[in-house]
Amino acid sequence: MAYEVPALPYAYDALEPHVDKATMEFHHDKHHQAYVDKANGALEGTEFDGKDVKEVLENLSSLPADKQGPFRNNGGGHYNHSLFWESMSPDGGGEPGGELGEAITKTFGSFDDFKEQFEAAGVGQFGSGWAWLILDGGELAITSTPNQDSPVLDGKTPLLGNDVWEHAYYLNYQNKRPAYLKAWWNVVAWDKVAERYAAAT
Ligand code: MN3
């Protein structure tokens, strides 16, 4: 079955004032839809049509050579955004507890240190891309990727990603990417991140 944009698990305006309604509408309905359409187009007529998006990204080099670039961008866009919508919630914010909270403190020194390093990864990503909290060989790490590159391309497990493409924040924050990165903590669904952490460890 061809890929589809998953429905948002909350209303378009549910993340206001941190992420505004118009941004969510364009981002989810237009940008994500375009990645889905192009990812479907890239796989059409290949044996990978209908395969799990993560599996195809993990085995990108098995795709026909002329499909690898388009799927890296658009399959990556579909996968990253599907993760992104679920990583936010109107009931989000605060600090992670449990094993994830402990692992963050152990790895980064404190939750505040973690946030600072994550924001720096987002601000430091030149041009379009993502800031990530990943699991790499069982250890937490912060990284960033350009374009729609997903950590799964390198066998890493993304736990939390923030979209730092201008389309994610420009309507509300204009050029102030650091302000967007800071405000975004108010909507992070830590229960979802903890679920991914538990599933991966
Ligand atoms: Mn985006």
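Predicted model: local features only at pLDDT ≥ 70, side-chain atom pairs only at ≥ 80, totals over all residues.

Trainee: At what angle do the axes of α5 and α7 cross?

Mentor: Roughly 145°, and the axes come within 10 Å. For orientation, α5 covers residues 111-124 and α7 covers residues 177-184.

Trainee: Which residues make the contact?

Mentor: From α5 you have Phe118, Glu119, Gly122 and Val123. On the α7 side they are Arg177, Pro178, Leu181, Lys182 and Trp184.

Trainee: And how do those divide into nonpolar, polar and charged?

Mentor: The contact of α5 with α7 has 5 nonpolar residues, 1 polar and 3 charged.

Trainee: OK, on to the sheet. What's the strand order?

Mentor: β2-β1-β3, an open sheet of 3 strands with antiparallel pairing. The edges are β2 (139-146) and β3 (157-163), each of which pairs on one side only. From one strand to the next, the twist averages 20°.

Trainee: Over how many bridges do β1 and β2 pair?

Mentor: Over 8 bridges; β1 is residues 129-136.

Trainee: Which helix lies across the strands?

Mentor: That's α8, residues 190-200. This helix lies across β1, β2 and β3, running at about 155° to β3.

Trainee: Now the metal. What coordinates the manganese ion?

Mentor: His27, His81 and His167 through NE2, plus Asp163 through OD, at 1.9 to 2.1 Å. Along the chain, the donors follow the spacing H-x53-H-x81-D-x3-H.

Trainee: What does the pair of His81 and Asp163 tie together?

Mentor: Parts that are 82 residues apart in sequence, because His81 lies in helix α3 (residues 65-86) and Asp163 in strand β3.

Trainee: Is His81 buried or exposed?

Mentor: Buried, and so is Asp163.

Trainee: Where is Asn147?

Mentor: In the loop between β2 and β3. Asn147 counts as partly exposed, since its relative accessibility is 40%.

Trainee: And where is Gln174 found?

Mentor: In the loop between α6 (170-173) and α7. Gln174 is partly exposed as well, with a relative accessible area of 33%.

Terms used
Residues numbered from 1 in each chain as written. Heavy atoms only, no water. Axes fitted to C-alpha atoms, helices over the stretch in contact; angles between N-to-C directions. Helix = DSSP H or I, 4+ residues; strand = E, 2+ residues; numbered from the N terminus. Contact = heavy atoms within 4.5 Å. Nonpolar A, V, L, I, M, F, W, Y, C, P; charged D, E, K, R; others polar. Pairing = 2+ DSSP bridges. Donors = N, O, S within 2.8 Å, 3.2 Å for Na, K, Ca; no water. Buried < 20%, exposed > 50% of the residue type's maximum accessible area, 1.4 Å probe, protein only.
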